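Open the model in your viewer and keep the sequence panel beside it. The stops below say what to select and what is there.

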Amino acid sequence: MIKTDILIIGAGPTGLFTVFEAGLLKLKCHLIDALPIPGGQCSEIYPKKPIYDIPAFPEILAGDLVDNLMKQIEPFQPGFTLGERAQTIEALEDGSFIVTTSKGTRHQAPVVAIAGGLGSFEPRKPLIASIEKFEGNGVEYIIRDPEFYRSKKVVISGGGDSALDWCIFLSDIAESVTLVHRRNEFRGALDSVEKAQELKNTGKIEIITPAEIVDLKGETNIEGVVIKRENIETTVACDHFIPLFGLSPKLGPIADWGLEIEKNAIKVDNTLDYQTNIPGIYAIGDVNTYPGKLKLILCGFHEATLMCQSAYKRIFPDKRYVMKYTTVGGVEGFDGTKKEAPKAVIKAIV
Amino acid sequence: MIDITITIIDRQGVSHEINAPTDMNMNLMEVVKSYELAPEGTIGVCGGMAMCASCQCYVESGHQLPVISDDEEAMLSEAFNVKTTSRLGCQIQMNPEMDGLKVELAPEC
């Protein structure tokens with residue numbers, strides 16, 4: 001069981017900045033995220049896009065914003081459970097919560113801060129009628145262990161980086177790799193596109209374009225895919241079909257936690273502290289809603305800051321505290337580091 | 001300020017004739033959001049960067065639309081329920097030439 005002061009669900013910008021604000025109050029944080037890397041949408045959807053409305057940054061790339069936040073929170077030694085989705089929550093008698101992930105990792109904290117953005121990122125599933133029947137029986141939306149495909153016949157569909165990169169990677173492992181995409185052009189890094197072209201030229205992979213997979217064949221396990229190209233349908237035998245059409249966010253299991261939901265978001269008390277209808281559970285950043293809500297990173301930072309003050313009072317109801325400016329108090333990390341303003345030097349002129 | 005009138009058929013098939021400003025740098029996806037014609041979180045998920053297909057729509061009127069960019073074309077090539085009339089709403093800017101535009105929102109997926 002992982003124990004912490006504030007359990008943050010979602011490691012996007014808001015969740016990451018919460019670690020900093022909590023750290024100033026000597027509260028430890030642990031973050032859970034369904035994605036394998038921190039940064040949320042900034043890392044998953046638009047790492048190379050500039051953001052222009054972060055105060056004091058006339059322009060910053062989303063990926064750089066995440067890097068900077070990671071650096072800023074480093075002294076507070078946050079814990080991470082990545083690649084696992086927060087699945088269930090249980091309220092204990094002492095007022096704390098246990099959150100269990102999709103992989104069964106358990107976390108306990110007196111305060112839970114949901115900073116889940118638009119939700120956890122789930123694979124986009126192509127609209128093939130029989131696809132659900134074969135999920136887990138040869139259809140996988142995420143490649144967890146490439147060795148699983150050793151000496152197997154694999155069909156991948158999609159036109160982005162992940163489709164190309166996995167084709168290239170699996171070409172050395174699988175018996176055969178076939179890539180199917182709806183058009184001839186691929187949206188991927190130039191060297192990936194060139195590498196795939198080279199593998200196609202040398203016969204190591206097969207690329208079928210412009211084409212679409214319209215049906216799946218097999219009894220229990222998948223045995224083949226039906227590929228439609230120029231209105232002609234052909235069946236290609238395979239052991240695995242991996243559709244890689246990117247990820248889209250879904251509120252997911254959080255929607256069943258007994259929280260008040262409105263407009264696909266969690267209702268919070270914005271006049272006070274961004275607490276939800278369940279005391280001890282807060283919602284901050286894009287995942288919450290209240291009158292006048294704006295889904296902006298800078299608003300998430302503000303919400304995180306106020307939420308941490310409230311969390312402190314909840315954890316230490318009898319302690320008095322006033323907010324301190326970092327310019328005055330400096331930043332004292334849990335790792336023993338201390339940053340502070342240089343002291344003024346007084347020297348007489350004689 | 002010039003307002004234009006456009007028609008949007010929502011995902012339930014209900015037609016809405018609405019006014020859209022042309023001086024606020026708004027695109028079609030944002031107009032749909034401003035009138036709450038699709039539930040929050042089901043449209044404009046990527047914020048309007050042509051990086052998701054949640055604002056896909058079918059253009060029913062014969063308007064001269066902006067040329068489709070590589071980003072938009074790539075996104076549509078990976079989207080579902082795509083038709084020959086498909087466009088991403090976030091890539092259609094509201095300007096006086098768009099007066100009378102008629103679109104249907106593609107199903108959520």
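Select Leu31(A) first: its bridge partner in E6(A) is Phe80(A). This is a predicted model.

**A residue in strand E10**

Stay on the sheet and pick Ala113(A), which lies in strand E10 of chain A. Is Ala113(A) buried or exposed? Ala113(A) counts as buried because it has 31 C-beta neighbours inside 10 Å, and 20 or more are needed for that class. Show its contacts, leaving aside neighbours within four places in sequence: they are Ile6(A), Ile8(A), Thr18(A), Tyr282(A), Ile284(A) and Met307(A).

**Helix against helix**

Select helix H1 (residues 13-24) of chain A together with helix H7 (residues 297-315) of chain A. Their axes come within 9 Å and cross at roughly 35 degrees. The crossing of H1(A) and H7(A) is right-handed.

To see the contact, show side chains on both helices. From H1(A), the residues are Pro13(A), Thr14(A), Phe17(A), Thr18(A), Glu21(A) and Ala22(A). They meet Ile297(A), Gly300(A), Phe301(A), Ala304(A), Thr305(A) and Cys308(A) in H7(A). Colour this contact of H1(A) with H7(A) by class and you get seven nonpolar, four polar and one charged residues.

**Across to domain 2**

Zoom out to chain A and colour by domain. The domain assignment gives domain 1 (2-121 + 248-339) and domain 2 (125-245). The C-alpha centres of domain 1 and domain 2 of chain A lie 37 Å apart.

How many of its 10 residues are buried? Seven are, and H5(A) is mostly covered. The buried residues of H5(A) are Ser162(A), Ala163(A), Leu164(A), Trp166(A), Cys167(A), Ile168(A) and Leu170(A). Among the elements covering them are strand E12 (153-157), E13, helix H6 (190-201) and strand E18 (240-243) of chain A.

Move on to Ile173(A), in the loop between helix H5 (161-170) and strand E13 (176-180) of chain A. Ile173(A) is partly exposed because 15 other C-beta atoms lie within 10 Å, a count between the limits of 12 for exposed and 20 for buried. Not counting residues up to four places away in sequence, Ile173(A) touches Pro146(A), Tyr149(A) and Arg150(A). Ile173(A) and Pro146(A) are 7.7 Å apart, C-alpha to C-alpha, and 27 residues apart in sequence.

**Chain A as a whole**

Show chain A as a cartoon: it has eight helices and 25 strands. The C-alpha trace spans about 85 × 60 × 40 Å along its principal axes. Of the 350 residues in chain A, 40% are buried. Among contacts in chain A with a separation of 6 or more, 61% are between residues 24 or more positions apart.

**Chain B and the contact**

Switch to chain B and select its sheet. Five strands form an open sheet in the order E2-E1-E5-E3-E4 (chain B), with mixed pairing. Its edge strands are strand E2 (15-21) and strand E4 (86-88) of chain B. On average, neighbouring strands of this sheet are turned by 40 degrees against each other, direction ignored. Strand E1 (residues 3-9) and strand E5 (residues 102-105) of chain B pair in the parallel sense over three bridges. Within that pair, Ile8(B) has Val103(B) in E5(B) as its bridge partner.

Finish with both chains shown. Their contact takes 20 residues from chain A and 14 residues from chain B. The side of chain A that touches chain B has eight nonpolar, six polar and six charged residues.

Technical notes: Residues are numbered from 1 along each chain as its sequence is written. Chains are lettered from A and ligands numbered from 1 in the order in which they are written. This is a predicted model: local features need pLDDT of at least 70, side-chain atom pairs count only at pLDDT 80 or more; totals for chains, interfaces and linings use all residues. Two residues are in contact if their C-beta atoms, placed from the backbone, lie within 7 Å. Ala, Val, Leu, Ile, Met, Phe, Trp, Tyr, Cys and Pro count as nonpolar, Asp, Glu, Lys and Arg as charged, and the others, Gly among them, as polar. Domain bounds come from an automatic or database domain assignment. Axes are lines fitted to C-alpha atoms, for helices over the stretch in contact, and angles run from 0 to 180 degrees between N-to-C directions. Helices (H or I, at least four residues) and strands (E, at least two) are DSSP runs, numbered from the N terminus. A crossing is left-handed if the near helix is turned anticlockwise from the far one by less than a right angle, and right-handed if clockwise. Two strands pair if DSSP finds at least two bridges between them.
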